[in-house]
Amino acid sequence: MNAQIAFNTHTIVDSSYSVLGCKDVVLADIDGDGDNDVLASSASQNKTVWYKNLDGLGNFSDQILINGSATSAAKLEVLDIDGDGDFDLVVLLKLQNQIVWYENTDSQGTFGEANVISVPTNYPESILS
């Protein structure tokens, strides 16, 4: 007996909210409202963005730019770097040989400037938390 599960398609990012050359996508409750938001990195557009989960039902905000000069943004990781109880963002910048983190300054998804963790890293490939 084969059971079939029906899935519904919900588009979060389309051509109007593009993340061309998307290298990584992670889910995390960036704004502390109990719903997972979506974060994405684009190596070809040199940016890192997030999409706020508006209602927990699959409706997301327009693209919110975290960094528009993240050359070769590749892997992402979310964790509480500074111990203040909210998720911060770690980004691996492969061609820049850097790993940087952005502080979630207000627990609502307002991110500060890049803080360099390691220079150089010689073409880093992954982040483990």
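# Briefing: an all-strand chain and its buried polar residues

At 0% relative accessibility, N104 counts as buried, a term that stands for under 20% relative accessible area, with exposed meaning over 50% and partly exposed the range in between (1.4 Å probe, protein chains only). The model is predicted, so that local features need pLDDT of at least 70 and side-chain atom pairs count only at pLDDT 80 or more, while totals for chains, interfaces and linings use all residues. Residues are numbered from 1 along each chain as its sequence is written, and side-chain values use heavy atoms, with hydrogens and water left out.

**Overall fold**

- The chain has zero helices and eight strands, where helices (H or I, at least four residues) and strands (E, at least two) are DSSP runs numbered from the N terminus.
- Read along the sequence, the pattern is β-β-β-β-β-β-β-β, and buried residues make up 37% of the 129 residues in the chain.
- Among contacts (heavy atoms within 4.5 Å) between residues at least 6 apart in sequence, 33% join residues at least 24 apart.

**N104 and its surroundings**

- N104 is found in strand β7, and its side chain reaches the backbone nitrogen of G109 at 3.0 Å, while the backbone nitrogen of Q108 lies 3.4 Å from a polar atom of the N104 side chain.
- Such a polar contact is a pair of N or O atoms within 3.5 Å; within protein, one must be able to donate a hydrogen and the other to accept it, and residues adjacent in sequence count only if both atoms are side-chain atoms.
- Leaving aside residues up to four places away in sequence, N104 touches I30, D84, D86, F87, D88, G109, T110 and F111.

- β6 and β7 pair in the antiparallel sense over five bridges, pairing being assigned if DSSP finds at least two bridges between two strands, and the bridge partner of V91 in β7 is V100.
- These two strands, β6 and β7, form a hairpin with four residues between them, and N97 in the turn has a positive phi of about 55°.
- The largest nonpolar core has 16 residues, and those with the most contacts inside it are L39, L89 and V91; a core of this kind is a set of buried Ala, Val, Leu, Ile, Met, Phe, Trp, Tyr and Cys residues joined through side-chain atoms within 4.5 Å.
- The elements that give two or more residues to this core are β1, β5 (73-79), β6 (88-93) and β7 (98-104).

- D24 has its place in strand β1 (residues 22-28), where D24 is buried yet has no salt bridge, the nearest side chain of opposite charge, K75, being 4.9 Å away.
- The side chain of D24 does reach the backbone nitrogen of L76, at 2.8 Å, and, not counting residues up to four places away in sequence, D24 touches L39, A40, S41, A74, K75 and L76.

- A search of the whole structure finds two salt bridges, each defined as a side-chain nitrogen of Lys or Arg within 4 Å of a carboxyl oxygen of Asp or Glu.
- In one of them the side chains of K52 and D31 meet (2.2 Å, N to O); K52 lies in the loop between β3 and β4 and D31 in the loop between β1 and β2 (37-42), so the pair ties together parts that are 21 residues apart in sequence.
- K52 is partly exposed, with a relative accessible area of 26%, whereas D31, at 4% relative accessibility, counts as buried.
- The side chains of D33 and K52 also meet in a salt bridge (3.8 Å, N to O), and since D33 lies in the loop between β1 and β2 and K52 in the loop between β3 and β4, this pair ties together parts that are 19 residues apart in sequence.
- D33 counts as partly exposed at 36% relative accessibility, and salt bridges that share partners join D31, D33 and K52 into one network.

**G58 in the β3-β4 loop**

- G58 is found in the loop between β3 (47-51) and β4 (64-67), and is partly exposed, with a relative accessible area of 26%.
- G58 and N36 are 22 residues apart in sequence and 9.8 Å apart in space, C-alpha to C-alpha.

Methods
Lys, Arg positive; Asp, Glu negative; His and termini not counted.
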